[in-house]
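Please consult the sequence and structure shown below while reading.

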Amino acid sequence: MAYKIVASQCTNCSACEAECPNEAISEKGGTFVIDPAKCTECIGHYDTAQCVAVCPVDKTCIIDAAYPRYQPA
Amino acid sequence: MESTAHHEAVTSESVDMDAIMQQVAEHKGCGTSSGSGKSSCGSSAGESELPPEIWEKVKNHPCYSEEAHHHFARMHVAVAPACNIQCNYCNRKYDCANESRPGVVSERLTPEQAAKKVVAVASTIPQMTVLGIAGPGDPLANPAKTFKTFELISQMAPDIKLCLSTNGLALPEHIDTIAKYNVDHVTITINMVDPEVGAKIYPWIFYKHKRIEGIEAARILSEHQLRGLEMLTERGILCKVNSVMIPGVNDQHLVEVNKAVKSRGAFLHNIMPLISAPEHGTVFGLTGQRGPSAQELKALQDSCEGEMNMMRHCRQCRADAVGLLGEDRSAEFTTDKIMDMEVNYDLEARKAYQAVVEQERQAKVEAKNEELAALADETSDIKVLAAVATKGSGLINEHFGHAKEFQIYELSAAGSKFVGHRRVDLYCQGGFGDDTALETVIRAINDCHAVFVAKIGGCPKNDLLKAGIEPVDEFAHEFIEKSAISWFKTYLEKVKSGEIQHFTRGDAEIRQGALIADEERKVCDGV
């Protein structure tokens, strides 16, 4: 039910932080992380995941396979 | 076109001084009006050529006045890391403390850290007059951080001019805030006015919560850039337009861009060479897109100059640069060091220091004019380039082997004119890794007839002479332009008397690869 940020790819540009409609993204130890409990994959907010759309490095914000896909209530 | 007519006039048989000065002035675009009725005269224009209110804005701004850049310093604070577009010449993952290009920084700052840094630098470098926010992303994609920084600085250091540099996508929506914080200089990077061209430079933009690609992205970006430019000039905010020259992609098109921005009231146009090397990891670096040669860049700048004034002294500096344009003192002001600094912001002391710098600037202009008068009867159509090793203040005051860059002046019957600069730092890889420092310098100034230095050793002297470049150290610690004109007069006399023959020089290289640290520079013995 969530996206995650590949830490080794992240440039710490912070662009995703401001775009996230769920305030699920924050800086932690010099890199940005997504709180899987808050992430809704932008479903119900936007057509596409905002972190993916704004990230300057491709394949950095990706679906976290450790969680099932988000199901809107 | 107008500019061609001026070239012809300069080379005609009998030329008197007034006519030359008039042509030089017209050639620079002085006396012409842009759409907003503002003079478009900028980079090399002096006090006499500009309306007083414009002169007040640019006289101590190193980026808006070529003359000021020899004397006054600027700094950037890296408070704006996020970006809203992707450019094929930018790679945000690149990180090298010694690299100097836009978009590269060593550390990001909070607005509070940035304000503290500005006050610390302003107290240490009293000729630092300008604070810019230029990224490393886009300032207007980080509006809260950007405007908070401006607010703090305007309270703590009210005499410092505020600038920002943007890609323009978010410009229209922030115009009123920009005006509210008294940001009086804004630079917009405009690489195209044709979306077909833009699609080759910008893979995507992030706009209204969507990633938009291709021609549609370029169309939206271009529309916002031009509308933003119009809105700024309507509000009396001085605008510079930066364009990256990408051979085969937008080089010829930049003439159209030049017309479009002039008609919308831009004050100054800065055409910069693409910096592109595989090790930068940019799209253009990886696809082998080359940057322009020195001659190609100058030809494009010259062709636009009849239309409006061109900036040629841009150093394409980092988003955290500190100091005069040719130097970078950012390592003296890391966050750790700033937080330990006891700072006393002394406005009066800064004013007093700047008054001395202003006298120095005027002395330089007078010296040049004096020497220029002696060229009055000169009718030769010979034009040569000369390289100068300088540490600033408009003086020939740097040793050949210590120079990290050379300033380039064009000398002709019309006098001397600053036309650019060449970095000569060594390269990590790619570039000319196997060359000695001297070979790198010769490639960088290969289009010059002479190089003016404060001092030079015997070994590089001979190699320069072999390469056809005359090393000149007789004007050590004297004013650059006065000395260059004096040397040029002698050069013309020697050509006339048949003592030497005038040849046209070849092209020169603009640095492309990544840079390496000072300690690793191999300097020729005895320099």
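## Overall organisation

Among contacts in chain B between residues at least 6 apart in sequence, what percentage join residues at least 24 apart? The figure is 73%, where two residues are in contact if their C-beta atoms, placed from the backbone, lie within 7 Å. Chain B contains 17 helices and 16 strands; helices (H or I, at least four residues) and strands (E, at least two) are DSSP runs, numbered from the N terminus. Of its 527 residues, 53% count as buried. A residue is buried if 20 or more other C-beta atoms lie within 10 Å of its own, exposed if 12 or fewer, and partly exposed in between, with C-beta atoms placed from the backbone.

The model is predicted, so that local features need pLDDT of at least 70 and side-chain atom pairs count only at pLDDT 80 or more, while totals for chains, interfaces and linings use all residues. Residues are numbered from 1 along each chain as its sequence is written, and chains are lettered from A and ligands numbered from 1 in the order in which they are written.

## Contact between the chains

Chain A contributes 13 residues to the contact, and chain B contributes 12 residues. On the side of chain A that touches chain B, the elements giving two or more residues are α1 (15–19) and α2 (50–54) of chain A. Of the elements, α2(A) gives the most, with 3 residues.

By class, this side of chain A has 8 nonpolar, 5 polar and no charged residues. In this classification, Ala, Val, Leu, Ile, Met, Phe, Trp, Tyr, Cys and Pro count as nonpolar, Asp, Glu, Lys and Arg as charged, and the others, Gly among them, as polar.

## Helices α7 and α9 of chain B

Helix α7 (residues 171–180) and helix α9 (residues 214–234) of chain B have axes that come within 9 Å and cross at roughly 20°. That angle makes α7(B) roughly parallel to α9(B). Axes are lines fitted to C-alpha atoms, for helices over the stretch in contact, and angles run from 0 to 180 degrees between N-to-C directions. Angles under 35 degrees count as roughly parallel, over 145 as roughly antiparallel, 65 to 115 as roughly perpendicular and the rest as oblique.

The crossing of α7(B) past α9(B) is right-handed. A crossing is right-handed if the near helix is turned clockwise from the far one by less than a right angle, and left-handed if anticlockwise. L171(B), P172(B) and I175(B) of α7(B) make the contact with H224(B), R227(B), G228(B), M231(B) and L232(B) of α9(B). By class, these are 5 nonpolar, 2 polar and 1 charged residues.

## Helices α14 and α17 of chain B

Helix α14 (residues 347–373) of chain B packs against helix α17 (residues 480–497) of chain B at an angle of about 15°, with the axes 7 Å apart. The two helices are therefore roughly parallel to each other, and α14(B) passes α17(B) in a left-handed crossing. From α14(B), A367(B), K368(B), E370(B), E371(B) and L372(B) meet E481(B), K482(B), I485(B) and S486(B) of α17(B). This contact divides into 3 nonpolar, 1 polar and 5 charged residues.

An unreviewed UniProt entry places the feature "coiled-coil region" at residues 350–378 of chain B; such annotations may be inferred rather than shown by experiment, feature names are shortened, and positions are given in the numbering used here. Over residues 350–378 of chain B, the model is 83% helix and 0% strand, and the end C-alpha atoms are 43 Å apart.

## Individual residues

K116(B) lies in helix α5 (residues 111–124) of chain B and counts as buried, because it has 21 C-beta neighbours inside 10 Å. In chain A, Y70(A) is found in the segment after β4 (61–63) and is partly exposed, with 16 other C-beta atoms within 10 Å. The C-alpha atoms of Y70(A) and T40(A) are separated by 5.9 Å, although the two residues are 30 apart along the chain.

A cis peptide bond with omega of about 20° joins G135(B) and P136(B), and P136(B) sits in the loop between β3 (128–133) and α6 (143–156) of chain B. N182(B), in the loop between α7 and β5 (185–189) of chain B, has a positive phi near 55° without being a glycine. K208(B), in the loop between β6 (204–207) and β7 (210–213) of chain B, is likewise not a glycine and has a positive phi of about 50°. N182(B) counts as exposed with 12 C-beta neighbours inside 10 Å, and K208(B) counts as exposed with 8.
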